[in-house]
Amino acid sequence: MTTQETIKQAIMADPANQEFTKAGIEPLFAAPETAKILIIGQAPGLKTQEAGLYFKDRSGDRLRDWLGMDEATFYDSGLISVLAMDFYFPGTGKSGDLPPRPDFAPQWHPKLMALMPQIELVILIGTYAQHYYLKQKKSTTVTQTVRNYQTYLPKYFPLVHPSPRNQIWMAKNPWFEAEVLPDLKKRVATILKATES
């Protein structure tokens with residue numbers, strides 16, 4: 001029987017991930033079968049990998065604020081799943097973190113998604129997740145995608161990364177806080193409220 005744990009063990013046993021496994025680093029993801037909302041980002045940052053918990057940083061705090069959600073709901077409710085485009089920190093390049101490995105998501109996402117039949121909303125954070133799942137041209141920018149977020153509803157909801165480094169972007173694009181975030185919070189609240197009845 002395929003479970004989240006058996007897939008995790010397979011990921012750790014994969015030769016492509018031996019550098020991490022030998023260092024005692026486990027893949028960061030969550031795929032509870034009861035999940036209603038799936039969040040797909042780029043890859044764990046170094047801080048979150050060291051903490052051993054996805055979105056356990058300032059970006060995570062901001063993301064939960066955007067979702068209108070507390071940590072207990074985010075981590076412990078079984079309603080939220082998190083699959084990045086790579087489950088390990090990819091390293092640092094000249095201008096920030098390196099991109100996720102391109103062959104990682106195609107190999108592991110389908111297996112994990114098969115465990116989560118109740119997903120109602122997929123939140124795509126950043127360029128890599130959006131290009132992959134929305135089948136976009138590489139020239140399509142995050143700003144274009146998020147500005148036209150309604151095009152991808154009701155299944156997908158694209159977002160800019162919640163990193164504090166994106167404060168300048170948010171200042172330049174006031175429509176994001178005025179229009180996009182209220183809609184996101186409303187949709188998330190509707191899904192979560194339905195689970196209470």
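Student: Which residues line the second largest pocket?

Tutor: This is a predicted model, in which local features need pLDDT of at least 70, side-chain atom pairs count only at pLDDT 80 or more, and totals for chains, interfaces and linings use all residues. Residues are numbered from 1 along each chain as its sequence is written, and side-chain values use heavy atoms, with hydrogens and water left out. On a 1 Å grid over the protein atoms alone, a pocket is an open set of points where a 1.4 Å probe fits, with protein on both sides within 12 Å along at least five of seven lines; lining residues have an atom within 4 Å of a point. Here the lining consists of Met85, Pro99, Pro100, Arg101, Pro102, Ala105, Thr127, Tyr128, His131, Tyr132 and Lys138.

Student: Which helix gives the most to the lining of the second largest pocket?

Tutor: Helices are DSSP runs of H or I with at least four residues, and strands are runs of E with at least two, numbered from the N terminus. In this lining, α7 gives the most, with four residues.

Student: Why does Ser81 count as buried?

Tutor: Buried means under 20% relative accessible area, with a 1.4 Å probe and protein chains only. Ser81 counts as buried because its relative accessibility is 0%. Ser81 belongs to strand β2, residues 80–82.

Student: How many bridges join β1 to β2?

Tutor: Two strands pair if DSSP finds at least two bridges between them. Three bridges join β1 to β2, and the two run parallel. Within this pairing, Ile39 stands opposite Val82.

Definitions and conventions: Buried < 20%, exposed > 50% of the residue type's maximum accessible area, 1.4 Å probe, protein only.
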